[in-house]
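Work through each task with the model open beside you, then compare your steps with the solution.

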Amino acid sequence: MTAQDTTNASPLAPEWLTVPADLNALQEPLWARTVERNDDGGLAVAGVSVAALKEQFGTPLFVMDESDFRARARAFKDSFDAAFADICGGVDVYYAGKSFLCTAVVKWVEEEGLRLDTASGGELAVAARAGIPGERVALHGNNKSDAEINRALDMKLGRIVVDSLDELERVGAIAQARGEEAKVMLRLTPGVHAHTHEFIATAHEDQKFGLSMAEDTTGQAGLSAAEEAVAAAAVHPGIELLGLHCHIGSQIFEPDGFALAAEKLLRFLAAMQEKYSIVMPELDLGGGYGIAYTPVDTPRPAAEIAKAMAAVVRSTCAELGINPPRISIEPGRAIVGSTTFTLYEVGTLKTVRVDAPGSGQSDEAGENVTYPRRYVSVDGGMSDNARPVLYDADYSAIVASRASAAAPQLSRVVGKHCESGDIVVRDVYLPEDVAAGDLLAVPGTGAYCWALSSNYNYLARPGVVAVRDGSARLIVRGETEEDLLNRDMGV
């Protein structure tokens with residue numbers, strides 16, 4: 001059977017899902033670099049078998065390849081430095097901590113030459129505990145509290161990304177009262193449409209983030225909110241205006257949006273320089289680079305992204321006759337997403353029969369023709385991966401504890417929560433002989449899975465294990481029932 005064969009294909013499967021040529025194969029580019037099958041058919045990462053991980057740490061479990069994380073981080077830094085060397089001497093790469101953050105990851109980020117992007121006081125607390133210097137940290141957020149702003153100033157952060165005119169005044173007033181200047185980037189909404197889910201597209205006008213670049217939105221005729229913010233920041237005694245920032249969305253594969261956003265911000269920067277004699281030395285072009293969750297996803301290598309963006313910055317600055325600003329970017333998912341898989345144990349199974357969408361088929365007796373869909377339940381679910389229920393996100397899965405020669409069967413991997421939407425993998429071909437006690441691995445869960453995890457139905461959140469050079473260690477301890485009960489103050 002080839003990868004495109006329709007043998008054993010189900011009419012219930014979405015058009016993009018084909019029957020794999022080998023159900024035991026690790027399809028590229030879904031997995032971290034050291035994931036492979038052992039001689040006994042079981043999955044291993046960096047030389048450690050999933051059976052050993054299950055025995056030591058239990059399931060569900062997030063399993064991260066540390067070397068793969070470091071390699072992806074280094075690839076972004078090296079690729080962007082090389083592409084922008086002749087433009088602005090290199091690029092500052094800020095790892096977007098909101099995708100996944102713990103003290104170990106902060107240390108890896110710093111050791112690989114990256115900086116850290118945070119989005120809350122809690123994330124700042126992780127950064128502080130990890131010991132990364134404040135000047136290498138940024139703070140985002142559309143509604144920062146006074147406490148978060150003060151903490152950012154206490155830590156002497158390298159930048160605070162301001163999201164609105166109200167926030168600009170608050171940050172400036174707090175810094176001025178302390179006798180300080182806050183280092184500020186202004187987040188703009190360039191009005192660029194990103195080809196992604198509407199909930200993670202962030203550069204259009206009708207959403208909560210950023211300062212609009214459209215005219216007449218603030219009550220001052222002819223001034224956009226973005227221009228008003230530049231003019232105000234430039235003269236505020238509590239503000240040091242570093243430059244501009246944008247982020248057009250997440251899980252984006254097409255390059256057009258990034259190029260258009262870069263060009264629009266550079267033109268705005270040049271216009272502000274001419275009008276107000278303000279030289280803003282920095283420009284952050286955000287992140288949002290996509291990864292592979294299924295075999296049909298086609299992420300772009302860091303070097304390809306870097307070259308495309310550098311070409312736009314180089315040509316636009318030359319056309320405008322301005323000195324190129326120092327460029328920074330904020331990859332998160334693109335670094336951590338594919339480094340991690342979630343390990344589950346299979347529990348109950350059931351098969352239902354379903355009409356194929358739009359089929360209208362009948363048999364000789366006039367009865368509707370139905371097709372089997374198997375439900376494979378695992379010991380986690382939406383409490384450790386909320387993305388399918390939030391964004392209709394697609395994932396893949398594979399039997400991890402053994403190899404199988406059984407025929408493929410269309411399956412739906414579901415969790416154990418009291419919600420019909422508790423789906424981990426909506427559509428995947430798994431062997432017919434999957435049974436209770438088997439281990440399943442779902443790749444691509446490094447970003448926004450642990451970070452969005454919850455205690456729904458009072459499930460304890462899983463631990464995170466980092467594996468490297470044949471050894472595994474917990475970097476985030478899994479919760480216990482005692483942890484769940486500790487905050488319950490009783491009657």
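**Exercise 1.** At what angle do helix H3 (residues 103-111) and helix H4 (residues 121-130) pack, and how far apart are their axes?

*Solution.* Before starting, note that this is a predicted model, in which local features need pLDDT of at least 70, side-chain atom pairs count only at pLDDT 80 or more, and totals for chains, interfaces and linings use all residues. Residues are numbered from 1 along each chain as its sequence is written, and side-chain values use heavy atoms, with hydrogens and water left out.

Step 1: locate the elements; helices (H or I, at least four residues) and strands (E, at least two) are DSSP runs, numbered from the N terminus.
Step 2: H3 and H4 pack at about 65°, with their axes 9 Å apart.
Step 3: classify the angle. Under 35 degrees counts as roughly parallel, over 145 as roughly antiparallel, 65 to 115 as roughly perpendicular and the rest as oblique. H3 and H4 are therefore roughly perpendicular to each other.
Step 4: list the contacts (heavy atoms within 4.5 Å). Thr103, Val106 and Lys107 of H3 meet Val126, Arg129 and Ala130 of H4.

**Exercise 2.** Describe how H8 and helix H9 (residues 302-320) pack, and which residues meet.

*Solution.* Step 1: the angle between H8 and H9 is about 30°, and their axes lie 10 Å apart.
Step 1: H8 and H9 are therefore roughly parallel to each other.
Step 2: on the H8 side, the residues in the contact are Ala259, Ala262, Glu263, Leu266, Arg267 and Ala270. They meet Val312, Val313, Thr316, Cys317, Glu319 and Leu320 in H9.

**Exercise 3.** Which residues touch the most other members of the largest nonpolar core?

*Solution.* Step 1: recall that a nonpolar core is a set of buried Ala, Val, Leu, Ile, Met, Phe, Trp, Tyr and Cys residues joined through side-chain atoms within 4.5 Å. Buried means under 20% relative accessible area, exposed over 50%, partly exposed in between (1.4 Å probe, protein chains only).
Step 1: the largest core has 111 residues, and those touching the most other members are Phe80, Phe84, Tyr95, Phe100, Leu186, Leu244 and Ile475. H8 gives this core its largest share, nine residues.
Step 2: look at Phe100. Setting aside neighbours within four places in sequence, its contacts include Met64, Val336, Trp450 and Val464.

**Exercise 4.** Where are Gln251 and Asp469, and is each one buried or exposed?

*Solution.* Step 1: Gln251 has a positive phi of about 55° although it is not a glycine. The loop between strand S11 (239-245) and helix H8 (256-276) holds Gln251, which is buried at a relative accessible area of 12%.
Step 1: Asp469, also not a glycine, has a positive phi of about 50°. Asp469 sits in the loop between strand S20 (463-468) and strand S21 (471-476) and counts as exposed, at 68% relative accessibility.

Terms used:
Axes are lines fitted to C-alpha atoms, for helices over the stretch in contact, and angles run from 0 to 180 degrees between N-to-C directions.
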